[in-house]
Amino acid sequence: MSSAIAPFGWEKALDTCRRLGLEAIELPCGPYPGSKLLAAETALADPGLQQRIKDDVAGHGLVISALSCHGNPVHPDPAVARAHEHAQDIAVRLAPRLGVKVVCTFSGCPGGAPGDKTPNWVTCAWPPEYLQILEYQWNEVLVPYWKRKSVEAAKEGVRIALEAHPGFSVYNPETILKLRGLAGDNLGANFDPSHFFWQGIDPVEAARVLGDAAAIFHVHAKDTGLDTHNMRVNGGLDTKSYGDLARRSWVFRTCGYGHGDEFWKPFVSMLRCKGYDGVLSIEHEDSYMSVQEGLTKAVTYLQGVIMHEQPGQAWWY
């Protein structure tokens, strides 16, 4: 995943938030390359640095809404799993020291069997060994791991918001609620509609279901543009480069450039209906626009959508 503000550096990131009129910032501190704005491990060991971080954020008229630490802590390569789990543990321990109650991450995806070297994401129920893979992944890896991490986070007063992302074991509302039911209700959703569109999921209905379960902890504001010609020919499972704009079935877009008011207004209304009163975190991964252009356009668009619903709580990382 792309943490758009990480390359900006600390001061420019905060200055950009203030210039755009935003109210909060999600601080990325994940293990993937280019996804770290906050040196979380250094900050955890230094109470003085923690206070400076809070003072800097407040001085720019912002609050910290979440720490994001996206990785694959159940990766079948033990070295990768340990590194990603360690980064997640640091984020969970640091969050309350910064006054933050939510850490956003992925569920991860294990291998298909003990001894595998790479993750194995199952997308269908046949041949029959695929169901055996799912049984192993969920019963032997995912549920034990997330039971433990749910309890650890709860002891810190932190909730874990899982971003449903294809390629990982949690990728839709059903799998969010399945893992939550098996591993504890301190796990919930980092709701990102962009990953639902190309799967054929209606994000408004997904928000209704997850909201009824009180499982929406955080929301990403990102859009997806569907190429209807390529979708009709090849469907939504697409492994071509995100830069291959002419041939892909879908690409991520800035809010309002994949779907308009016909989606975003009912979506925000549904979030409010189900009791979500948090932020909309603008995530930029639009291949057609620079980061600055995409963020500016997303803020302008979302301000028009949400002004009648709630105060201007749009934010980004």
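Biologist: Hi! What do the buried residues of helix H6 pack against?
Modeller: The buried residues of H6 pack against helix H5 (129-155), strand S4 (159-163), strand S5 (187-191), helix H7 (194-197), helix H8 (203-212) and strand S6 (216-221). Packing here rests on contact, meaning heavy atoms within 4.5 Å. Helices (H or I, at least four residues) and strands (E, at least two) are DSSP runs, numbered from the N terminus.

Biologist: Where do these values come from?
Modeller: This is a predicted model, where local features need pLDDT of at least 70, side-chain atom pairs count only at pLDDT 80 or more, and totals for chains, interfaces and linings use all residues. Residues are numbered from 1 along each chain as its sequence is written, and side-chain values use heavy atoms, with hydrogens and water left out.

Biologist: Thanks! Which residues of H6 are buried?
Modeller: In H6 (residues 173-183) they are Pro173, Thr175, Ile176, Leu179, Arg180 and Ala183. Buried means under 20% relative accessible area, exposed over 50%, and partly exposed in between (1.4 Å probe, protein chains only).

Biologist: Let's switch to H3. Which of its residues are buried?
Modeller: Leu49, Gln50, Ile53 and Val57 are buried in H3. They cover an arc of only 105 degrees around the axis, so they sit on the same side of H3. The arc is that of the directions from the helix axis to the C-beta atoms.

Biologist: And which residues are exposed on the other side of H3?
Modeller: Pro47, Ala58 and Gly59. For Pro47, the relative accessible area is 56%.

Biologist: How far is Pro47 from Arg97?
Modeller: Their C-alpha atoms are separated by 8.2 Å, although the two residues are 50 residues apart along the chain.

Biologist: Now His60. Is that one buried or exposed?
Modeller: His60 counts as buried, because its relative accessibility is 10%. You'll find His60 in the loop between helix H3 (47-59) and strand S2 (63-68).

Biologist: What does His60 touch?
Modeller: Leaving aside residues up to four places away in sequence, His60 touches Glu11, Leu14, Asp15 and Arg18. With Asp15, the side chain of His60 makes a polar contact of 2.9 Å. A polar contact is a pair of N or O atoms within 3.5 Å; within protein, one must be able to donate a hydrogen and the other to accept it, and residues adjacent in sequence count only if both atoms are side-chain atoms.

Biologist: Last one: which residues of H10 are buried?
Modeller: Phe263, Trp264, Phe267, Val268, Met270 and Leu271. Seen down the axis of H10, these buried residues fall within an arc of 160 degrees, so they line one face of the helix. On the other side of H10, Glu262 and Cys273 are exposed.
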